[in-house]
Amino acid sequence: MADANSAKKPTLNDQERELEQQAFIEFQKADYHACHQTLQKLLKTQDSNAKVLHNRAVVEFYNSDLRRYDQFRSAMMQLTGLVGEIRAVEVKDRESCAAYVNQAIVLYHFKQPLAALKIMLAVMAHFDRLDDYLLRRAGIFTVHLLLDTNQPKKANRLLGMLQNRLGIQVYAILSDSDEDEPLIDNESRKDISELQFEEFRKEFRLILIRSNLLNGKKNMSIPLEDTSEYSILKGHQYFLGNDYQMAAKELSKQFTNEPVSVNKHGEDQNTILANNMGVIHFSVKHYALAARFFQQALLFDKSATEDTSTEKVEGSPLYCVGATKRPEILYNHGLALLHLQRPKEAFECMLIVLNSNHNNPRLWLRLAECCIMVHRQEKQTQNTNICHGTVGSGVHRKYILNPLPKTAVVEGDQSLAIPATTLEFGSLCLRNAVTLLEFHEPELIRQSESSDKTVPWDKVYEGVPCNPSLPMKLVSFNKLKCAVLAAYSYVLNTLGEYSLALKYAKEMLTMKDLPQSYLLLSHMYAAEALIMMNRPLEAITYLEPKFITELAGDDFGMRASPHWNINSADAARSVMHYNRAVASFLIGDYEQAKIAMCNCNHPLVMPYLKMLNVYQDLLLGNYEKVQLLIRYDTPHLI
């Protein structure tokens with residue numbers, strides 16, 4: 001908050017300056033009623049002074065125990081002129097920076113960190129001209145916003161600027177001894193009391209450690225304090241070093257400080273600890289335990305915030321508004337459920353997160369994966385026998401072969417935009433993911449090829465934003481793009497959009513250093529799309545024997561999940577040989593088809609191979625052999 005001391009203007013006379021100074025002293029003593037009366041006297045002669053109007057709004061807000069935030073926000077909007085959606089911000093007058101900072105604080109607590117950050121970046125454009133009193137608060141708040149929005153490089157650069165400007169000695173900040181040299185030189189701290197200085201020192205120490213950890217500095221020294229704040233940071237340090245056992249042990253300590261609660265601090269300690277324990281178990285692939293911890297975190301969060309709703313209803317202090325961590329926990333919980341093969345529950349979790357993070361391409365892929373998993377689970381329940389029934393009896397008995405699965409057709413009055421675990425909605429999710437990737441790719445490639453380190457601190461490129469998860473660099477971007485294109489091609493083939501499926505399969509083949517698992521999928525999906533478009537001669541070029549024999553097993557073993565059947569080179573080769581046999585039959589090359597079928601020796605393709613054997617014998621007129629195959633496969637129909 002701004003204080004009256006920062007509102008001095010040369011037009012004030014001696015009496016008005018005395019009133020201003022008196023108001024500042026009363027504000028520092030937390031005597032807000034007396035401070036308000038003093039400011040009212042000052043307003044009789046300075047009724048158009050923006051600084052005085054701002055300070056009166058601040059005092060009124062403090063006098064309400066930080067509860068009348070709607071009234072306070074309206075006052076700040078009148079002073080700044082920022083109303084509605086904030087697109088571009090320009091702070092022309094250095095003297096008005098305090099009002100912009102306060103409006104950003106309100107937006108932050110209303111769960112609008114990106115909008116708040118736009119304002120603070122405009123305020124930080126006056127970095128060299130801000131007084132130390134405001135710069136300490138505005139600077140640390142901006143670093144908080146940058147870290148909360150996953151921009152650690154910018155945060156680190158800004159912290160360096162604050163250290164230089166305020167004379168902060170970094171080597172002393174992590175020390176537990178009070179006999180070390182002062183953290184800030186005496187000249188820079190003359191405008192704050194000892195209590196305020198200690199509060200700033202603690203906050204700066206915590207934010208510096210957090211920034212260093214998020215920037216990959218794993219071996220830094222962290223004070224040995226058994227408080228929840230430092231134990232959480234120490235646990236994060238162990239987590240980054242892949243020492244998950246020590247990370248869990250650090251979070252299970254008995255803390256010496258008073259428990260952090262929403263009503264006093266704006267955060268709930270138990271919620272954060274349960275969520276972090278879930279992340280640790282997720283990292284070691286204990287997905288069931290991770291899901292339990294995330295459920296516990298959701299219960300803690302609900303209990304802590306049930307009296308402080310995130311809705312803008314006056315009654316709770318501002319720091320309690322937006323205290324919930326529910327979207328972030330639901331994102332983690334959804335991932336754990338997806339790994340547990342519970343896609344419908346995972347879908348419901350992800351859908352809630354989508355409301356606040358709709359620009360995350362990874363989130364759109366996860367939603368589509370839920371839809372695909374539901375489809376595959378339903379498909380696994382289908383009958384895989386050669387025939388599913390008979391009609392007639394005796395010499396007139398006829399066997400009814402299992403029909404091909406029908407291509408889903410959406411009725412005209414059914415909207416694909418309605419969220420549901422269907423492939424149609426999954427296709428929409430993947431289209432959004434592709435659009436976001438295409439939007440970010442040119443800038444990502446340009447930045448990765450550029451080595452210019454002289455850019456301003458607020459222009460440092462962090463990667464493709466994926467809140468609430470970390471931003472993507474080029475390597476992780478390419479991995480995500482492979483996954484999105486493969487999933488999209490699969491969904492489009494299943495829905496009968498073969499030309500688009502072929503397009504995205506070919507696009508996947510153009511990517512550099514394509515893993516063999518995705519190379520296999522791109523060849524399969526391209527061939528399938530061409531076959532369904534009655535172009536088998538083109539399809540068979542994607543199923544060449546040379547390509548099949550070159551498939552190695554390491555990549556399939558490393559990348560395969562326990563529920564993905566193609567988890568070895570033998571399985572991959574058998575699947576490709578089966579597809580080649582199908583294409584060879586369609587172009588009439590029966591000899592090549594037989595050779596390909598003989599190479600199908602993995603159990604994965606056996607249910608499909610027996611149907612292909614029936615098709616082969618029907619083509620060759622071996623009807624008695626077909627009957628024997630059917631009787632062997634379905635003896636209960638004899």
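Buried means under 20% relative accessible area, exposed means over 50%, and partly exposed lies in between (1.4 Å probe, protein chains only). The model is predicted: local features need pLDDT of at least 70, side-chain atom pairs count only at pLDDT 80 or more, and totals for chains, interfaces and linings use all residues. Residues are numbered from 1 along each chain as its sequence is written, and side-chain values use heavy atoms, with hydrogens and water left out.

**View 1. The whole chain.** The protein has 29 helices and four strands. Helices (H or I, at least four residues) and strands (E, at least two) are DSSP runs, numbered from the N terminus. Of the 638 residues, 47% are buried. The accessible surface comes to about 33,100 Å². Carbon and sulfur atoms hold 52% of that surface. Areas come from the Shrake-Rupley method with a 1.4 Å probe; for residues, only the protein chains shown count as cover. A contact means heavy atoms within 4.5 Å. Among contacts with a separation of 6 or more, 63% link residues 24 or more positions apart.

**View 2. A30 in the loop between α1 and α2.** A30 sits in the loop between α1 (14–28) and α2 (32–43). Its phi is positive, about 65 degrees, although A30 is not a glycine. A30 is partly exposed, with a relative accessible area of 43%.

**View 3. N150 in the loop between α7 and α8.** N150 is another residue other than glycine with a positive phi, near 60 degrees. The loop between α7 and α8 holds N150. Is N150 buried or exposed? At 12% relative accessibility, N150 counts as buried.

View 4. A salt bridge is a side-chain nitrogen of Lys or Arg within 4 Å of a carboxyl oxygen of Asp or Glu. By this rule the count comes to 17 salt bridges. One of them joins the side chains of R165 and D132, at 3.1 Å from N to O. R165 lies in helix α8 (residues 152–166) and D132 in helix α7 (residues 132–148), so this pair ties together parts that are 33 residues apart in sequence. R165 is partly exposed, at 25% relative accessibility. D148 forms a salt bridge with R210, and their closest N and O atoms are 2.8 Å apart. D148 belongs to helix α7 and R210 to helix α10 (residues 194–214), so the pair ties together parts that are 62 residues apart in sequence. D148 is partly exposed at 32% relative accessibility. R210 is partly exposed at 25%.

**View 5. Further salt bridges.** E345 pairs with R342 in a salt bridge, the closest N and O atoms being 2.7 Å apart. E345 is partly exposed, with a relative accessible area of 39%. R342 is also partly exposed, at 32%. Elsewhere, D226, E250 and K253 are linked in a network of salt bridges.

**View 6. The largest nonpolar core.** A nonpolar core is a set of buried Ala, Val, Leu, Ile, Met, Phe, Trp, Tyr and Cys residues joined through side-chain atoms within 4.5 Å. Which members of the largest core touch the most other members? They are L430, V484, Y518 and M576, in a core of 95 residues. Helix α20 (residues 474–495) gives the most to this core, with 13 residues. Leaving out residues up to four places away in sequence, L430 touches L365, A368, V484, A487, Y488 and V491. In soluble globular proteins, nonpolar side chains tend to be buried together.

**View 7. N432 and N359.** N432 lies in helix α19 (residues 423–449). The residue is partly exposed, with a relative accessible area of 24%. The C-alpha atoms of N432 and N359 are separated by 8.9 Å, and the two residues are 73 residues apart along the chain.

View 8. Strand β3 (residues 464–466) and strand β4 (residues 469–472) run antiparallel, joined by two bridges. Strands pair if DSSP finds at least two bridges between them. V464 has M472 as its bridge partner in β4. Two residues lie between the strands of this hairpin. P468 is in the loop between β3 and β4. A cis peptide bond joins N467 and P468, with omega about 10 degrees.

**View 9. A nonpolar surface patch.** L537, L586, I587, Y590, Y615, L619 and L620 make a nonpolar patch of about 620 Å². Patches are made of residues with over 30% relative accessible area and no salt bridge; like charges are joined within 9 Å, nonpolar side chains (Val, Leu, Ile, Met, Phe, Trp, Tyr) within 5 Å. Helix α28 (residues 606–620) gives the most to the patch, with three residues. L619 lies in helix α28 and is partly exposed, at 37% relative accessibility.
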